[in-house]
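This report describes a ligand site and selected backbone features of one model.

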Amino acid sequence: MLDLAPLIRNVPDFPKPGIQFKDITTLLLVPEAFQQVIDGWKERYSSQKLDAILGIDARGFIFGATLAYAMGLPFVPVRKVGKLPGTTIKEEYELEYGTATVEIHADALRAGQRVVVIDDLLATGGTMAAVHRLLQRLGVELVEAAFLVELPPLKGRERLREIPIHTLVEFMVD
Ligand code: AMP
């Protein structure tokens, strides 16, 4: 098993001063590491009788779509507002400055279905909380939210208390 943490590049002050940006593109350059991530999640969820894998715009698409392919499951993108052409439902969430909105195609999922949602990184948990609200409106069960990276000082896990969370690498930075 590879140690994944050293494969994730830290970029200080990106995209603005004070942010320690965790760059997963350096992990994607190491095929064995990418395979370890996807194969690990595939094994974790293979007994769960899932109906779909969701990935969050944009780095969640890389991992989510690959996992969906590996598991032979439908992939559903959750996108930033204005990108999906069909009828959507939206949820707004707070950012440090202002708000952002995520949306999903209203006909992509049905009530009673069970899904796992994938993103690259858990920070404050605001994005995943908004995705959870979308799924609640659709009557879809969020079996688990899985992230490659967690930043525990930002307390996303506490904010998402009612959702099972799974993460692979922790960095004690905010
Ligand atoms: P949050 O909603 O605060 O949990 O933020 C999570 C989203 O923002 C994810 O989609 C991440 O890709 C991105 N993100 C937040 N903080 C960072 C960071 N320090 N490094 C890389 N991506 C981040």
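Pro15 belongs to the loop between β1 (9-12) and β2, where helices (H or I, at least four residues) and strands (E, at least two) are DSSP runs numbered from the N terminus. The peptide bond leading from Phe14 to Pro15 is cis, and its omega is near 0 degrees. Asp13 is also found in the loop between β1 and β2; its phi is near 60 degrees, a positive value in a residue other than glycine.

A further cis peptide bond runs from Asp57 to Ala58, with omega near -5 degrees. Ala58 is located in the loop between β3 (52-56) and α3 (59-71).

## Basis of the model

The model is predicted: local features require pLDDT of at least 70 and side-chain atom pairs count only at pLDDT 80 or more, whereas totals for chains, interfaces and linings use all residues. Residues are numbered from 1 along each chain as its sequence is written, and side-chain values use heavy atoms, with hydrogens and water left out.

Two or more residues of the shell come from each of β2 (20-23), β7 (114-122) and α4 (126-138).

The ligand is surrounded by 13 residues, the closest being Arg59, Asp120, Thr124, Gly125 and Thr127; a residue counts if one of its heavy atoms lies within 4 Å. Four of the shell residues are nonpolar, five polar and four charged, with Ala, Val, Leu, Ile, Met, Phe, Trp, Tyr, Cys and Pro taken as nonpolar, Asp, Glu, Lys and Arg as charged, and the others, Gly among them, as polar.

## Polar contacts and burial

Polar contacts are pairs of N or O atoms within 3.5 Å. A polar side-chain atom of Asp119 is 2.8 Å from a ligand oxygen atom, and a backbone N or O atom of Gln20 is 2.9 Å from a ligand nitrogen atom. A polar backbone atom of Gly126 lies 3.4 Å from an oxygen atom of the ligand. Taken alone, the ligand exposes 490 Å², of which the protein buries 80%, by the Shrake-Rupley method with a 1.4 Å probe.

Methods:
Polar contact = N/O pair within 3.5 Å; in protein donor to acceptor, adjacent residues only side chain to side chain.
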